[in-house]
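Please look over the sequence and the model shown here.

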Amino acid sequence: MNSEQQKSENRSLVGHLLILTAAMFGFGFALVPLYDVFCEITGFGGRTNTESVAVEEAPDLSREIRVEFVTTVNSYAPFEFDADLNSMTVHPGKMYFATFTARNMTENDKVAQAVPSVAPVAAAEHFVKIECFCFNSQEFAGNEEKAMPLQFIVDPDLPDYVDTITLQYTFFDTASVASNN
């Protein structure tokens, strides 16, 4: 093989590798929105609605569902965060209210965000939040404590085999999350 032919093949290989690198970067960049769309469509990952919705109450008083509230705080978040109740018994189709309390454990102003998840996955699309502190970031002054409301309804179309729903919130300090990425 002569020198010119070798150079041409090397250029071609470098070109192909650059195209492959760009395609891999693009695919990696597109994974997050693709995963979000997949979770929205399938309910996978326990995702629930992220905006308030209007619903009409039509309670099924013959059925009771236990809703459990679980709270965690991200390891970088200087907050205390708890549900005021560990659980409640609800009737599908009836509206309920719950309150969560968070406290900024620092002297500095902070902004936090709660990220919800519902288990079992089959219940995620049937757990409808009417009003939720998780829809928006929460601003806290230094050492501020605040009660944060949740208004929800369990859709009467919830599969019959589901008798317990676990709503789990993870509380993040948005500044800490951004600086650790």
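The sections below cover the overall layout, strand pairing, salt bridges, surface patches and backbone details.

## Basis and overall layout

This is a predicted model, in which local features need pLDDT of at least 70 and side-chain atom pairs count only at pLDDT 80 or more, while totals for chains, interfaces and linings use all residues. Residues are numbered from 1 along each chain as its sequence is written, and side-chain values use heavy atoms, with hydrogens and water left out.

The protein has 3 helices and 9 strands. Helices (H or I, at least four residues) and strands (E, at least two) are DSSP runs, numbered from the N terminus. Read from the N terminus, the order of the elements is α-β-β-β-β-β-α-β-β-β-β-α. Of the 181 residues, 31% count as buried. Buried means under 20% relative accessible area, exposed means over 50%, and partly exposed lies in between (1.4 Å probe, protein chains only).

## Strand pairing

Two strands are taken as paired if DSSP finds at least two bridges between them. Strand S5 (110-119) pairs with S7 in the antiparallel sense over 3 bridges, and Lys-110 stands opposite Phe-140 in S7. S5 is also joined to strand S9 (residues 164-173) by 8 bridges, again antiparallel. In that pairing Pro-116 stands opposite Tyr-169 of S9.

Strand S6 (residues 127-132) has 5 of its 6 residues buried. S6 runs antiparallel to strand S8 (residues 145-154), with 5 bridges between them. Phe-127 faces Val-154 of S8 across this pairing. In a regular strand the side chains alternate between the two faces of the sheet.

## Salt bridges

A salt bridge is a side-chain nitrogen of Lys or Arg within 4 Å of a carboxyl oxygen of Asp or Glu. The whole structure holds 3 of them. One joins the side chains of Arg-63 and Asp-160 at 3.8 Å, N to O. This pair links distant parts of the chain, 97 residues apart: Arg-63 is in the loop between H1 and strand S1 (65-73), and Asp-160 is in the loop between S8 and S9. Arg-63 is buried, with a relative accessible area of 12%, whereas Asp-160 is exposed at 71%.

Another salt bridge joins the side chains of Lys-110 and Asp-173 at 3.4 Å, N to O. Lys-110 lies in strand S5 and Asp-173 in strand S9, so the pair ties together parts that are 63 residues apart in sequence. Asp-173 is buried, with a relative accessible area of 0%. The side chains of Glu-68 and Arg-66 also meet in a salt bridge, at 3.1 Å, N to O. Glu-68 is partly exposed at 24% relative accessibility, and Arg-66 is partly exposed at 39%.

## Surface patches

Patches are made of residues with over 30% relative accessible area and no salt bridge; like charges are joined within 9 Å, and nonpolar side chains (Val, Leu, Ile, Met, Phe, Trp, Tyr) within 5 Å. Accessible areas come from the Shrake-Rupley method with a 1.4 Å probe, and for residues only the protein chains shown count as cover. Lys and Arg count as positive and Asp and Glu as negative, with His and the chain ends not counted. The place of a charge is taken as NZ of Lys, CZ of Arg, CG of Asp or CD of Glu.

Glu-80, Asp-82, Asp-84 and Glu-145 form a negative surface patch. Asp-84 is in the loop between strand S2 (79-83) and strand S3 (87-90), and is partly exposed at 46% relative accessible area. A nonpolar surface patch of about 410 Å² is made by Leu-13, Leu-17, Leu-20 and Met-24. Leu-13 belongs to helix H1 (residues 3-42).

## Backbone details

Most residues other than glycine have a negative phi, and most peptide bonds are trans. Ala-119 and Pro-120 are joined by a cis peptide bond, with omega about 0°. Pro-120 sits in the loop between S5 and helix H2 (121-124). Asn-143 has a positive phi, near 60°. Asn-143 is in the loop between strand S7 (138-140) and S8, and is partly exposed at 29% relative accessible area.

Leu-85 is found in the loop between S2 and S3, partly exposed at 45% relative accessible area. Leu-85 and Thr-99 are 14 residues apart in sequence and 7.7 Å apart in space, C-alpha to C-alpha.
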